[in-house]
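This report describes one protein chain for a reader who is new to structural analysis. Please keep the sequence and the model in view while reading.

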Amino acid sequence: MKNLIFYSLLLLCFVSVKAQDITQLEETTVTFQPFVTNLDSYLDDSFLVKVEENYAGEFSKDPIKFMKENFDIHSFISFLDEQSNSGLQKRDYLYYRVTFKTDKGDLVAKFSKEGELEETSQKFKNILVPSDIRRELYRSYKGWNMVKNTYTANGKSDQIDEELYRIKLKNGNRSQIVKIVPDRMRSDIVSRD
């Protein structure tokens with residue numbers, strides 16, 4: 001029995017000493033490549049691109065920034081030109097309307113023939129509302145819970161001119177819809193339906 005305990009302790013010491021050995025790894029290079037977007041379908045001058053996010057909510061957090069970082073319209077136009085033999089490209093496009101879609105919503109971007117961003121339109125549902133809006137709701141509607149929300153925004157080029165949060169709140173059997181325009185939030189909540 002003494003021998004069993006002695007050998008067990010010896011084995012334990014050996015394993016703990018061996019576990020502290022340093023393993024030298026080979027040097028490696030890490031690179032970053034933006035997401036590859038998939039052209040799902042097209043109709044005349046409209047194209048649908050399925051967005052592949054790195055984490056949930058990445059696209060809806062700032063769709064225009066995401067589009068700029070992960071989509072190159074000039075490469076896209078060149079790709080369409082290369083596909084002219086397959087019938088995908090029509091030479092008389094007046095503009096390109098590209099819809100970036102996720103399960104939470106979409107961004108529709110209209111580009112000129114030359115690839116300049118002309119206008120955008122966004123619509124998302126049940127996204128993470130910005131912290132200042134959450135704080136305002138909590139302060140103004142104690143005891144109420146947010147059960148649904150939609151966010152819409154429109155603008156020229158890469159600027160947002162109009163945006164609106166439509167938030168459904170519940171408190172027991174009562175419910176109400178609150179509309180918030182972020183620019184005017186400091187003055188008060190815009191309307192209650």
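The largest pocket holds about 370 Å³ of space. A pocket is found on a 1 Å grid over the protein atoms alone, as an open set of points where a 1.4 Å probe fits, with protein on both sides within 12 Å along at least five of seven lines; lining residues have an atom within 4 Å of a point. Its volume is the space filled by probe spheres set on the points, which are joined across faces, edges and corners. Among the 20 lining residues, Ser60, Lys61, Asp62, Pro130 and Tyr165 are the closest to the centre of the pocket. The elements α2 (58–61), α3 (63–70), α5 (131–140) and β7 (162–171) each contribute at least two residues to the lining. By class, the lining comprises 13 nonpolar, three polar and four charged residues. Here Ala, Val, Leu, Ile, Met, Phe, Trp, Tyr, Cys and Pro count as nonpolar, Asp, Glu, Lys and Arg as charged, and the others, Gly among them, as polar.

The model is predicted: local features need pLDDT of at least 70 and side-chain atom pairs count only at pLDDT 80 or more, while totals for chains, interfaces and linings use all residues. Residues are numbered from 1 along each chain as its sequence is written, and side-chain values use heavy atoms, with hydrogens and water left out.

**Overall fold**

The protein chain has five helices and nine strands. Helices (H or I, at least four residues) and strands (E, at least two) are DSSP runs numbered from the N terminus. Of the 193 residues in the chain, 31% are buried; buried means under 20% relative accessible area, exposed over 50%, and partly exposed in between (1.4 Å probe, protein chains only). Contact means heavy atoms within 4.5 Å. Among contacts between residues at least 6 apart in sequence, 42% join residues at least 24 apart.

**Strand pairing**

Two strands pair if DSSP finds at least two bridges between them.

| Strands | Sense | Bridges |
|---|---|---|
| β2 (residues 46–50) and β3 (residues 95–102) | parallel | five bridges |
| β3 and β4 (residues 105–112) | antiparallel | eight bridges |
| β7 and β8 (residues 174–180) | antiparallel | seven bridges |

Leucine 48 stands opposite threonine 99 in β3. Threonine 102 has glycine 105 in β4 as its bridge partner, and β3 and β4 form a hairpin with two residues between them. In β8, valine 178 stands opposite isoleucine 167. The strands β7 and β8 also form a hairpin with two residues between them, and glycine 172 in that turn has a positive phi of about 65 degrees.

**The nonpolar core**

In soluble globular proteins, nonpolar side chains tend to be buried together. A nonpolar core is a set of buried Ala, Val, Leu, Ile, Met, Phe, Trp, Tyr and Cys residues joined through side-chain atoms within 4.5 Å. The largest core has 34 residues, of which Met67, Phe71, Phe100, Phe111 and Leu137 touch the most other members. Helix α4 (residues 73–82) supplies the largest share of this core, four residues. Beyond its neighbours within four places in sequence, phenylalanine 100 is in contact with residues including Val49, Val51, Phe59, Met67 and Phe71.

**Individual residues**

Is serine 60 buried or exposed? Serine 60 is buried, because its relative accessible area is 16%. This residue lies in helix α2 and touches Glu53, Phe124 and Ile127, not counting residues up to four places away in sequence. The C-alpha atoms of serine 60 and glycine 105 are separated by 7.7 Å, although these residues are 45 residues apart along the chain.

Lysine 123 is placed in strand β5 (residues 117–125). Its C-alpha atom is separated by 5.6 Å from that of glycine 105, 18 residues apart along the chain.

Most residues other than glycine have a negative phi. Asparagine 126, in the loop between β5 and α5, has a positive phi near 50 degrees. Serine 157, in the loop between β6 (145–156) and β7, has a positive phi of about 50 degrees. Asparagine 126 counts as partly exposed because its relative accessibility is 37%, and serine 157 counts as partly exposed because its relative accessibility is 31%.
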